[in-house]
Amino acid sequence: MTRSATGKLHVYVVLSGLGLLGGLTLGRPELVAIAAPFALFVALALVRAKAPSLKASCEIARERQLEGRRVDLFLELSADRTVPRLEVFVDLPDALVAEAPNPILIRLPRGERHELEVPLRCVHWGLHEVGEVVWRARDAYGLLVYEGRAGEAHPLKVYPRGENVQRLLRPFETQAFSGNQVARNRGEGIEFADLRPFTPGDRVRRINWRATARRGEPWVNEMHPERNADVVLFLDTFAEARRDDLGTLDLSVRAAAALAALYLREKDRVGVVSFGGVLNWLTVTSGTTQLYRIVDSLLDAQIILSYAWKDLDVIPPRTLPPRALVIALSPLLDDRAVGALLDLRARGFDLAVIELSPFSFVPEGESEVEQLAYRLWRLRREALRSKYAALGVPIVEWREGVPMEAVVEEVRAFRRHARVLRA
Amino acid sequence: MLALGLGGAALALLAFGLLVRWPGALGLGLAALGSEYAVLFAAEGSTLDRLTPVYAAGLLLVAELAFWSIERRVPAWSEPTALEWRLARLGAACVGAAGVASLATVSAAAATGGGGVVLEGFGVGAAIGSVVILALLMRRLFLR
């Protein structure tokens, strides 16, 4: 806690001194009479000056909330002595906005508990701390100011808002366990695949009676089995394009959270690799717990500047299981990420790149040179995109405001005609 | 003329202080108001001014309102009682100021007839002592 004198205190002391000494000098008691109230005012304030001991306790209605939703913060304030003017400011990170007046001015009588309810709107995902209060109390005379902090910080996890996606990318190859993905191979399943002649050992229930009657010999149905898939969400956290309220990392985190939730709902195993200045990973697993793990790890995703060269060798091998579908979410701004994706493709991974377009975050520039540089930059990005496409990697640009459903559909359309190449 | 000039200067300084939110200008304005009063009664003669308590209360009211105006603004008042309490305190301070000024004036009037070196010395000591006490109080508060 700090204590400071206001300008008013200094002015009153000087006025008192001037009045009293002026009265003496001029021999006029009137000057003393008009200075005396100021002197008494200051003397009373200084004699009675005592710092208030403020206690603040805080509770949050929820410890987890989705981006864009509200969460209520309950504050309880009390003081050991009456504070005639107490300014209370709930210290909030930029990602949280108070929907009630903040700061507020109250009078806090001694021993009374003052309860405040502050609704907060979660405007940005992340792990935030709320509950600390910055306060400023003035004494009854307005001559002294006490400032301090109170309360304890409570963690609040704001999960990214999910993108609306109905249909998912289907991996080229599925895994051995049962799931909801229709495998390309044939076996026990529900989806019809083909007809073939009956062979000893086939179950009678699989005989296709119409085909059998038409051909005069028994024919059986072949089915596609339902299998699960391994999906790795590959986040490029080397660099991002950003303006005040939004950046490409925000888009990638939202997309990753939505895709993880959808794939896990389909009984697939999902993992995350956050490839950037700091490498974070989660090995592929299925289940609701994994969804929470993934979302929690996404909250830690941040751009950390690093000049160290990194390639795929730094990623633990188990993080990228064989036959996994790798969905890369990248603004393709850093050569290390671009190289790593090309390397992934060269190693035979089933790769799809969702390019988080940085164009809406980078102004074109006003001068001729700036506009020329901008056009050259765009051309270089076009060339890079062509390079991926030539390698059979579906690459789709995701611009701000475009629904993710359209992006996924575009990747699906590309993959309908593409084939996996083995290096 | 001098009083009028001082009054005008006080008004200008107060307006400037309120505009730029600078306590120093407000202090100078208040000092100019006090000086104007001193010049006025010096010109009038040696009789004690009966309106001194009113003037003292008025000066304190002006000072309080001026400093209230330049306080940092807090956008929301959660409680109207905070404002009511402050207004009540301001009223009480003005009444108190008038009382203290009356007391000082009456004491001065009582002492006018039977004054002497001892009483005058006592007055000088009281005035200087008051300033010293205020300085000591401030020092105790901010240096501990």
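The model is predicted.

**Positive phi values**

- A:Lys267 has a phi near 70°. That is a positive value in a residue other than glycine.
- A:Lys267 sits in the loop between helix H4 (248–265) and strand S18 (269–276) of chain A.
- A:Leu332 also has a positive phi without being glycine, with a value near 55°.
- The loop between strand S20 (325–330) and helix H6 (335–346) of chain A holds A:Leu332.
- A:Leu332 counts as buried because it has 23 C-beta neighbours inside 10 Å, and 20 or more are needed for that class.

**Cis peptide bond**

- The peptide bond joining A:Asn102 and A:Pro103 is cis. Its omega is about 10°.
- A:Pro103 belongs to the loop between strand S6 (96–98) and S7 of chain A.

**Contact between chains A and B**

- Chain A contributes 46 residues to the contact, and chain B contributes 46 residues.
- On the side of chain A that touches chain B, helix H1 (7–26) and helix H2 (29–47) each supply at least two residues. Strand S5 (83–90) and strand S7 (104–108) each supply at least two residues as well.
- By class, this side of chain A has 33 nonpolar residues. It also has seven polar and six charged residues.

How values were computed:
Residues numbered from 1 in each chain as written. Chains lettered and ligands numbered in written order. Predicted model: local features only at pLDDT ≥ 70, side-chain atom pairs only at ≥ 80, totals over all residues. Contact = placed C-beta atoms within 7 Å. Helix = DSSP H or I, 4+ residues; strand = E, 2+ residues; numbered from the N terminus. Nonpolar A, V, L, I, M, F, W, Y, C, P; charged D, E, K, R; others polar. Buried ≥ 20, exposed ≤ 12 C-beta atoms within 10 Å, placed from the backbone.
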